[in-house]
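Student: Hi! Could you go through this structure with me?
Tutor: Happy to, let's have a look.

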Amino acid sequence: MTHLPAATSTPSEQSFSREAGRETAMAKDILGEAGLHFDELNKLRVLDPEVTQQTIELKEECKDFVDKIGQFQKIVGGLIELVDQLAKEAENEKMKAIGARNLLKSIAKQREAQQQQLQALIAEKKMQLERNSVSLVILI
């Protein structure tokens, strides 16, 4: 196995490298002031990479929020249906109770009318008994 000698840079190359780094940093600062930025792939972007990342995170959070709101709406919709169904059942039971109460009132009135008829019949029979008693006394 052969070893390659380590690449060494000459002082002029190091100076050039530092100078290029400073120029790149200055260029990035000037572009940054102008509202232009480089992303991690060194592509020129209008938005700062940090702002872009925050925007992506906000988008994901918004999507999660919208999903949760959709689930909430489904749950509330089910609850509303259940409450409506219970309200209809309660209304039906209420109508049955009103019908039963009216039936009881009707039965009570019928009994009262029947009682009055029977009392009239008793009075009539008593009068007939009186007449028959008086007739019997006269015959004897």
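Student: How far apart are the end C-alpha atoms of residues 104-131?
Tutor: They lie 40 Å apart in this predicted model. The span is 100% helix and 0% strand.

Student: What does UniProt list for residues 104-131?
Tutor: The unreviewed UniProt entry lists them as "coiled-coil region".

Student: OK, and the fold overall? In what order do the elements run from the N terminus?
Tutor: The order is α-β-β-α, with two helices and two strands in the protein.

Student: How much of the protein is buried?
Tutor: Buried residues account for 1% of the 140 residues. The accessible surface is about 13300 Å², and carbon and sulfur atoms contribute 61% of it.

Student: Switching to charges: how many salt bridges turn up in the whole structure?
Tutor: The search finds two. In one, D67 pairs with K63, with the closest N and O atoms 3.4 Å apart. In another, E93 pairs with K96 at 3.7 Å between the closest N and O atoms.

Student: Why are D67 and K63 separated by about one helical turn?
Tutor: Because they are four residues apart in helix α2.

Student: And how many residues apart are E93 and K96?
Tutor: Three, also in helix α2, so about one helical turn separates them. K96 is exposed at 56% relative accessibility, while E93 is partly exposed at 49%.

Student: Which residues form the negative surface patch?
Tutor: That patch is made by E57, E60, E61 and D64. D64 sits in helix α2, residues 49-139, and is partly exposed with a relative accessible area of 44%.

Methods. Residues are numbered from 1 along each chain as its sequence is written. This is a predicted model: local features need pLDDT of at least 70, side-chain atom pairs count only at pLDDT 80 or more; totals for chains, interfaces and linings use all residues. Side-chain values use heavy atoms; hydrogens and water are left out. UniProt positions are given in the numbering used here, feature names are shortened, and annotations may be inferred rather than shown by experiment. Patches are made of residues with over 30% relative accessible area and no salt bridge: like charges are joined within 9 Å, nonpolar side chains (Val, Leu, Ile, Met, Phe, Trp, Tyr) within 5 Å. Accessible areas come from the Shrake-Rupley method with a 1.4 Å probe; for residues, only the protein chains shown count as cover. A salt bridge is a side-chain nitrogen of Lys or Arg within 4 Å of a carboxyl oxygen of Asp or Glu. Lys and Arg count as positive and Asp and Glu as negative; His and the chain ends are not counted. The place of a charge is taken as NZ of Lys, CZ of Arg, CG of Asp or CD of Glu. Buried means under 20% relative accessible area, exposed over 50%, partly exposed in between (1.4 Å probe, protein chains only).
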